[in-house]
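Hi,

Here is the structure I promised to send over.

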Amino acid sequence: MPKQKLNVAMIGYDFMGRTHSNAWRQVTRFFADIPCEPVLKVVVGRTKEKVAEARVRLGFEEAATSWEEVLARKDIDVVDICTPGDSHAAIAIAAAEAGKAILCEKPLSNSVAEAERMAGAVKKSGSISMVCHNYRRVPAVALAKKLIDDGKLGTIHHYRGVYLQDWIVDPNFPRVWRLEKARAGSGSLGDILSHTMDLSRYLVGNPVEVSGVLSTFVKERPLPDGSGKRGVVDVDDAAQALVKFENGAVGYYEGSRFAPGRKNYNRLEINGSKGSLVWDLERMNELEVCLDTGPLGGFTNISVTDGSHPYIGAWWPAGHIIGYEHSFTHTVYDFVKAVADGKSPRPDFEDGLINQRVLDAIERSAAIGQWVKVP
Ligand SMILES: NC(=O)c1ccc[n+]([C@@H]2O[C@H](COP(=O)([O-])OP(=O)(O)OC[C@H]3O[C@@H](n4cnc5c(N)ncnc54)[C@H](O)[C@@H]3O)[C@@H](O)[C@H]2O)c1
């Protein structure tokens, strides 16, 4: 029986547009039990020629330059937001009002006020919503979640999460949109620490109090337009926070794009009363687990590539590793199932709002130099 089609409109077509369109294309081919068939219906951008080129390259049926017009179309079921944070709220709220299912890139918004309006809009319309914190869907991370939920680590005491990159350490690297508060909302905080924090909420629990430090090392950079003029950097280059969780665990987050040699070092370590686990995106198919602290115990390195592991059954035989892009395929797989079930997957816009409140608390704490409670 042919599956019901789900027409996807994707806004933005660069980095995340490429990962998402790849995921929408691949998901039907590998996940045989997917309940609906996503169709790459229309890609939306601002420049006619560029979006026309993206349509061909990414495999969409149509290209458009007005997301407002596309959202008004009755034949669009899903709106996939792959633009910078300054446009998330307007697009998502309009999509909710038009009754579409919404997948939105992280962080959900540039402010708590915007996130409140977005969460309110999907609550009112009953739209399916999801924030693309794709690392929840890396098989090794999903296995870590299962081990913790099954009590294998006992009571969780520590969460240590770092997300380190080095792409702006050169002071002459241009002031791209990620370095502008009006466009990105924040720097490392929203860009990468938001993933570290979302993973802590997934694996450990909700942060209730934070003590943050934000640093900007290079305060002016060349504008990317080649004019030779310089522009102000008004976001953090590095963000750090000590964290207290509601369940009594304590932790640490660090996000920096000033860590030479670290390309996409998204690493977490969790210590519980019975054991520990470690995961690092740059070795994403492995999960280090210690369940025995005796003289012959220590960390075991599990190759999370067995058909019994989360999501892996859809791919290759054991040991035939998967990559970064698969985390997005798993995300859209769960999203499509949720659309068919009529219930939002996690993290939904309510999670996105909670995440935004934590980011905001870190910012406020850094500004006043004191611990701040997460509302
Ligand atoms: N999940 C992840 O791991 C991950 C990784 C990178 C980026 N992101 C997030 O994805 C989003 C996009 O980041 P990116 O790296 O793809 O950026 P990018 O600069 O590579 O692409 C942004 C795209 O949005 C388009 N765009 C910008 N403003 C627009 C507007 N007002 N209307 C229509 N199109 C517009 C641009 O033309 C471009 O195609 C951000 O929210 C970012 O934080 C998430």
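**The sheet and its edges**

Strand 15 (residues 286-290) and strand 16 run antiparallel and are joined by five bridges. One of the pairs to look for is Cys 290, whose bridge partner in strand 16 is Phe 299. Before you go further, keep in mind that this is a predicted model.

Those two strands belong to an open sheet of nine strands with mixed pairing, and the order is 16-15-14-13-7-12-11-8-17. Strand 16 (299-303) sits at one edge and strand 17 (372-373) is the other edge strand, each pairing on one side only.

Further in, have a look at strand 7. With strand 13 it runs antiparallel, joined by eight bridges, while with strand 12 it pairs in the parallel sense over seven bridges. Leu 164 is a handy residue for seeing both: its bridge partner in strand 13 is Tyr 265, and in strand 12 it stands opposite Ser 256.

**Two helices across the sheet**

Helix 6 (residues 139-149) lies across strand 7 (156-164), strand 13 (265-272), strand 14 (276-280), strand 15 and strand 16, and runs at about 25 degrees to strand 15. Helix 8 (residues 188-203) lies across strand 7, strand 8 (207-215), strand 11 (238-245), strand 12 (250-256), strand 13 and strand 14, and its angle to strand 12 is about 155 degrees.

What happens between these two helices? Their axes, those of helix 6 and helix 8, come within 10 Å and cross at roughly 35 degrees. On the helix 6 side the contact involves Val 141, Ala 142, Ala 144, Lys 145 and Ile 148, which meet Leu 199, Tyr 202 and Leu 203 in helix 8. By type, the residues of this contact are seven nonpolar, one charged and no polar.

**Around the ligand**

There are 23 residues around the ligand, and the ones that come nearest are Met 16, Lys 106, Asn 134, Trp 177 and Arg 178.

- Tyr 13: a backbone N or O atom is 3.0 Å from an oxygen atom of the ligand.
- Arg 46: a polar side-chain atom is 3.2 Å from an oxygen atom of the ligand.
- Asn 134: an N or O atom in the side chain lies 2.9 Å from a nitrogen atom of the ligand.

How much of the ligand does the protein bury? Taken alone, the ligand exposes 840 Å², and the protein buries 88% of that.

Most peptide bonds are trans, and most residues other than glycine have a negative phi. Here are the spots to check against that.

The peptide bond from Lys 106 to Pro 107 is cis, with omega near -20 degrees. Pro 107 is in the loop between strand 5 (101-105) and helix 5 (112-125). Lys 106 also turns up in the ligand list above, among the residues that come nearest.

Another cis peptide bond joins Arg 346 and Pro 347, with omega about -5 degrees. Pro 347 is in the loop between helix 9 (324-341) and helix 10 (349-368).

Finally, Tyr 311 has a positive phi, near 70 degrees, although it is a residue other than glycine. You will find Tyr 311 in the loop between strand 16 and helix 9.

Cheers

Note on methods: Residues numbered from 1 in each chain as written. Predicted model: local features only at pLDDT ≥ 70, side-chain atom pairs only at ≥ 80, totals over all residues. Heavy atoms only, no water. Pairing = 2+ DSSP bridges. Helix = DSSP H or I, 4+ residues; strand = E, 2+ residues; numbered from the N terminus. Contact = heavy atoms within 4.5 Å. Axes fitted to C-alpha atoms, helices over the stretch in contact; angles between N-to-C directions. Near = heavy atom within 4 Å. Polar contact = N/O pair within 3.5 Å; in protein donor to acceptor, adjacent residues only side chain to side chain. Areas by Shrake-Rupley, 256 points an atom, 1.4 Å probe, with all protein chains shown as cover. Nonpolar A, V, L, I, M, F, W, Y, C, P; charged D, E, K, R; others polar.
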